[in-house]
Every structure is written in C-alpha cells, then in structure tokens.
Amino acid sequence: EEEDVIVPPVSKEEEEEIEQLFSKKNMVKDTAKEHNSTVAKDNVSSMIGAARAQNIEIILSQFKRFDNVNERILEIIQNLQTEKLSTTNVTFLLKCMPTSEEQKQFLSFNGDLEMLTKADRFLNVISQVSRIHIKISTFQYLKTFP
C-alpha cells in the first residue's frame, strides 16, 4: 500500500516565488549575470581568440604547483630540467605554443601586461624566447627517449 503524502498548502506568493527561483529562464539570466560581472571585474582583454585563451589557461592550471608559472616554465625549458615536468605536461605545452603570427604580435606588444589574460601573458613570455618550438620539441624528445 502506498501512503498518501500530505503537502501543506502554499500561498500564491510562495508559489510565484518558487516558480521565479527555479524557472529555467531565470537560471540562464543569473548565469549570464555572474559571467558578465566576472568579465567586468577582471577588465582584461585577449590578443588571441577567447577559445584559445581558455584552452591555454586550462593547460596552465596544471602547473599550479609553481610560483610565477610563466617564468618557472620558461626556466625549466631553457635549462632542460626534464625531471621537473612530465611527458604529458610537455605535450600540453607544445599545444599552447604561440603561432608565428601570435609571436610577432606579442613581440611588438608595448601595452600594459596586466590588462591581458593569463594566457596572453604566458604567450608574451614564451614569445620572447627564440626558437621556442625547437626547444620544447627537444624537451619532449628527451622526455620520451631518456
């Protein structure tokens, strides 16, 4: 036998409030508001596409253990400290290397670095290194064939 569940009566105001709180339309608006407030709060711009910037930032989040991530990654690569990064990390770094166009863009950049996204700041630091693609490819080779 099933038991009947007795639900206490809800006033019209309570019903409207519940509907407003849980309506799909309002949930989408709230998410958009949160996103816009975050963007406005940061007030940063990207020299690369938003999707690419987001992908690079996701990759960089794997290096949280380093202080000054950009400089530390650069130092590890330049000194070929293969023990500091996993093969997976190096593969991910290869995916977020600047294109030749991006590298030219960052080499000619004279603005305020703080106004750029984390991804842009990373690419800016990496772009300053000549033959960075070759260095990271060499790093990957050393990791793959020790």
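Phe-145 is exposed, with 52% of relative accessible area (exposed means over 50%, buried under 20% and partly exposed in between, with a 1.4 Å probe and protein chains only). The rings of Tyr-141 and Phe-145 have centres 5.2 Å apart and planes at 50°, so this pair is tilted. Rings of Phe, Tyr and Trp (the six-membered ring for Trp) pair if their centres lie within 6.5 Å; planes under 30 degrees apart are stacked, over 60 edge-to-face, and the rest tilted.

The model is predicted: local features need pLDDT of at least 70, side-chain atom pairs count only at pLDDT 80 or more, and totals for chains, interfaces and linings use all residues. Residues are numbered from 1 along each chain as its sequence is written, and side-chain values use heavy atoms, with hydrogens and water left out.

The protein has 8 helices and 0 strands, and its elements run α-α-α-α-α-α-α-α from the N terminus. Helices (H or I, at least four residues) and strands (E, at least two) are DSSP runs, numbered from the N terminus. Of the 146 residues, 26% are buried. The accessible surface is about 10,700 Å², and carbon and sulfur atoms hold 52% of that area (Shrake-Rupley method, 1.4 Å probe; for residues, only the protein chains shown count as cover). Among contacts with a separation of 6 or more, 72% join residues 24 or more positions apart; a contact means heavy atoms within 4.5 Å.

The largest nonpolar core has 26 residues, and Ile-56, Leu-85, Leu-93 and Phe-122 touch the most other members. Such a core is a set of buried Ala, Val, Leu, Ile, Met, Phe, Trp, Tyr and Cys residues joined through side-chain atoms within 4.5 Å. At least two residues of this core come from each of helix 3 (50-60), helix 4 (69-78), helix 5 (87-95), helix 7 and helix 8 (132-144). Helix 7 gives the most, with 5 residues. Leaving aside residues up to four places away in sequence, Leu-93 touches Phe-63, Ile-73, Ile-77, Leu-85 and Phe-122.

Phe-63 also belongs to an aromatic pair. The whole structure holds 2 such pairs. In the one formed by Phe-63 and Phe-66, the ring centres are 6.2 Å apart and the planes are at 15°, so the pair is stacked. Phe-63 is buried at 0% relative accessibility, and Phe-66 is buried at 12%.

Charged side chains come next. There are 2 salt bridges in the whole structure, where a salt bridge is a side-chain nitrogen of Lys or Arg within 4 Å of a carboxyl oxygen of Asp or Glu. One joins the side chains of Arg-52 and Glu-102 (2.8 Å, N to O). Arg-52 lies in helix 3 and Glu-102 in helix 6, so the pair ties together parts that are 50 residues apart in sequence. Arg-52 is partly exposed at 22% relative accessibility, whereas Glu-102 is buried at 10%. Arg-72 and Glu-75 also meet in a salt bridge (2.9 Å, N to O). Both lie in helix 4, 3 residues apart, about one turn of the helix. Glu-75 is partly exposed, at 34% relative accessibility.

Thr-117 sits in the loop between helix 6 (100-107) and helix 7 (118-127). Thr-117 is buried, with a relative accessible area of 12%. Its side chain makes a polar contact with the side chain of Asp-120 (3.0 Å). A polar contact is a pair of N or O atoms within 3.5 Å; within protein, one must be able to donate a hydrogen and the other to accept it, and residues adjacent in sequence count only if both atoms are side-chain atoms.
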